[in-house]
Amino acid sequence: MNAEILGENNLVVNRFFALDGRAYEAGALDVRTKELLGLVASLVLRCDDCVTYHLVRCAEEGVTRPEIFEALSVGLIVGGSIVIPHMRRAVDRWSELEQRA
């Protein structure tokens with residue numbers, strides 16, 4: 001859907017998408033760290049689609065299972081018990097990604 005959305009050439013939408021992409025580029029923080037931050041934020045916001053996206057990106061960046069669980073633990077502490085169902089789905093998705101590798 002991104003291509004269709006961006007194809008509308010809406011200035012605000014296109015700029016937001018560009019900003020989102022730039023935010024995850026290497027800078028003072030490396031890409032792996034930024035993807036882990038995105039994972040934590042997505043878990044706290046309880047966005048399963050976003051969690052999945054960041055898990056895929058983490059896998060692509062070579063993040064390890066222990067690193068994923070440390071990030072998920074931060075999300076759990078910040079978000080509280082309401083994130084547990086999302087954490088369960090995240091672990092299930094991570095296991096699927098590990099099996100594909």
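What covers the buried residues of α3? The cover includes α2 (11–23), α4, α5 and α6. Buried means under 20% relative accessible area with a 1.4 Å probe, protein chains only. This is a predicted model: local features need pLDDT of at least 70, side-chain atom pairs count only at pLDDT 80 or more, and totals for chains, interfaces and linings use all residues. Residues are numbered from 1 along each chain as its sequence is written, and side-chain values use heavy atoms, with hydrogens and water left out.

**Overall fold**
- The protein has 6 helices and 0 strands (DSSP runs numbered from the N terminus: H or I of at least four residues for helices, E of at least two for strands).
- Its C-alpha trace spans about 40 × 30 × 25 Å along the principal axes.
- Of its 101 residues, 26% count as buried.

**Helix α3**
- α3 has 15 residues and reaches 21 Å from first C-alpha to last, close to the expected 21 Å (1.5 Å times one less than the number of residues).
- Its buried residues include V31, K34, E35 and L39.

**Nonpolar core**
- The largest nonpolar core holds 16 residues; L39, L55, I68 and L72 touch the most other members.
- Such a core is a set of buried Ala, Val, Leu, Ile, Met, Phe, Trp, Tyr and Cys residues joined through side-chain atoms within 4.5 Å.
- α3 (31–45), α4 (48–60), α5 (65–79) and α6 (84–100) each supply at least two residues of this core.
- Beyond its neighbours within four places in sequence, L39 is in contact (heavy atoms within 4.5 Å) with V51, H54, L55, I68, A71 and L72.

Conventions
Buried means under 20% relative accessible area, exposed over 50%, partly exposed in between (1.4 Å probe, protein chains only).
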